[in-house]
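I opened my notebook today to look at a new structure, one entry at a time.

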Protein chains: 2
Amino acid sequence: MLKDGDNMKKDKNDVIEVCQTIEIHEDIIKKVRENTPDENTLNKLADLFKIMGDNTRMKILYALLQVDEMCVCDLSTVLKKTPSAISHQLRILRQADLVKYRKEGKVVYYSLNDEHVKEILDVGFSHITEG
Amino acid sequence: MLKDGDNMKKDKNDVIEVCQTIEIHEDIIKKVRENTPDENTLNKLADLFKIMGDNTRMKILYALLQVDEMCVCDLSTVLKKTPSAISHQLRILRQADLVKYRKEGKVVYYSLNDEHVKEILDVGFSHITEG
DNA sequence: TTAACATTTGAATAATTGTTCATATATAGT
DNA sequence: ACTATATATGAACAATTATTCAAATGTTAA
């Protein structure tokens, strides 16, 4: 028999409450543990999707998908958002290496930086429209 | 000439501040406007990525990718999170139709619901690892 | 009917984040 | 120098959200 609280949460960063059944599908757990990518990779993957998971940034990416490049002003016009808001979001896309930029006088032109971006958007798009 | 404030923000939900150059690349703007999917579709797309853009949910999806199905308890064990936290996230994945479930007695088994999910994760994974 | 257990759910909390506003920087023209 | 314009940036605010906790379901077995 299990003592009271044996599988109960004791400390913030220690054991967590978990089911008390004897057979917690050990085979399944083992298989998952062996085949799942490491934490760091999964976090990076989640971060990538997190960046695409915003309406404004999604619109920016899709706009840049249609043309070679756009300046902040163009994006501001198309998305009907202040240049400041656009600039903030572009910074995030820049930091994630999803877009690159080119400066010409006062104007900064942004464009997609990655071939994968289009693929990811396309697959997601299929999911939305077909499903 | 433009009057002062002609292109400046006047009201909260009216015009927004936008660049005052004459040539705001009209051709580019037009092309983008014509070829970009409608707002509703883009929002749904962003929502999809938003759901995948969370560490816990990403781990759940990747775990389910390795095996046929897992119960809340299994996921709780593998992810080292309380069943409650897992359940909350599973609800979100359920509502997005990304996972389905099957009840067997007290135990609820979850599995991936969509073929696209794997594709999306794979493309994202390539981006992370190759890039 | 009890007791035990897997899961769900609602409320509360803490953390994250998108937008706005004001301001700063950089560049071009006068 | 000065002015105008395009963009960037920092702080503040509002909104969203992931997790925890406590409590509620729903199920099985005694």
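My entries below go from the ground rules to the interface, then to salt bridges, a histidine and a sheet.

**Entry 1: ground rules**

I noted that this is a predicted model, in which local features need pLDDT of at least 70 and side-chain atom pairs count only at pLDDT 80 or more, while totals for chains, interfaces and linings use all residues. Residues are numbered from 1 along each chain as its sequence is written, chains are lettered from A and ligands numbered from 1 in the order in which they are written, and side-chain values use heavy atoms, with hydrogens and water left out.

**Entry 2: where the chains meet**

I began with contacts, meaning heavy atoms within 4.5 Å. I found 60 residues of chain A in contact with 60 residues of chain B. Next I looked up the buried area, which is the accessible area (1.4 Å probe) that two parts lose on being put together, summed over both. Between chain A and chain B it is about 5,500 Å², and carbon and sulfur atoms give 73% of that.

Then I turned to polar contacts. These are pairs of N or O atoms within 3.5 Å; within protein, one must be able to donate a hydrogen and the other to accept it, and residues adjacent in sequence count only if both atoms are side-chain atoms. Twelve residue pairs, both at pLDDT 80 or more, are in polar contact between chain A and chain B.

Which parts of chain A supply at least two residues each to the side that touches chain B? I listed α1 (26–35), α2 (39–52), α3 (55–66), β1 (70–71), α4 (72–79) and α6 (115–130). A note on these names: helices (H or I, at least four residues) and strands (E, at least two) are DSSP runs, numbered from the N terminus.

I also sorted the residues on that side of chain A into 30 nonpolar, 15 polar and 15 charged. For this sorting, Ala, Val, Leu, Ile, Met, Phe, Trp, Tyr, Cys and Pro count as nonpolar, Asp, Glu, Lys and Arg as charged, and the others, Gly among them, as polar.

**Entry 3: salt bridges**

Side chains of opposite charge can pair when their charged atoms come close. I used the salt bridge cut-off of a side-chain nitrogen of Lys or Arg within 4 Å of a carboxyl oxygen of Asp or Glu. Over all chains there are ten salt bridges, and the count between chain A and chain B is two. I looked up Glu39(B) with Lys59(A), whose closest N and O atoms are 2.9 Å apart.

By shared partners, Glu69(A), Arg102(A) and Glu104(A) join into one network.

**Entry 4: a histidine**

Is His127(A) buried or exposed? Buried means under 20% relative accessible area, exposed over 50%, and partly exposed in between (1.4 Å probe, protein chains only). At 10%, His127(A) counts as buried. This residue sits in helix α6 of chain A. Leaving out residues up to four places away in sequence, His127(A) touches Leu48(B), Leu98(B), Asp114(B), His116(B) and Ile120(B).

**Entry 5: the sheet in chain B**

Two strands pair if DSSP finds at least two bridges between them. Chain B has an open sheet of three strands in the order β1-β3-β2, with antiparallel pairing. Its edge strands are β1 and β2, each pairing on one side only.

Strand β1 (residues 70–71) pairs with β3(B) over two bridges, and Cys71(B) stands opposite Tyr109(B). Six bridges join β2 (residues 99–104) to β3(B); here I noted Tyr101(B) opposite Tyr110(B) and Lys100(B) opposite Ser111(B). β2(B) and β3(B) form a hairpin with two residues between them, and Gly105(B) in the turn has a positive phi of about 70°. Five of the six residues of β3(B) (107–112) are buried, so the strand is largely enclosed by the rest of the structure.
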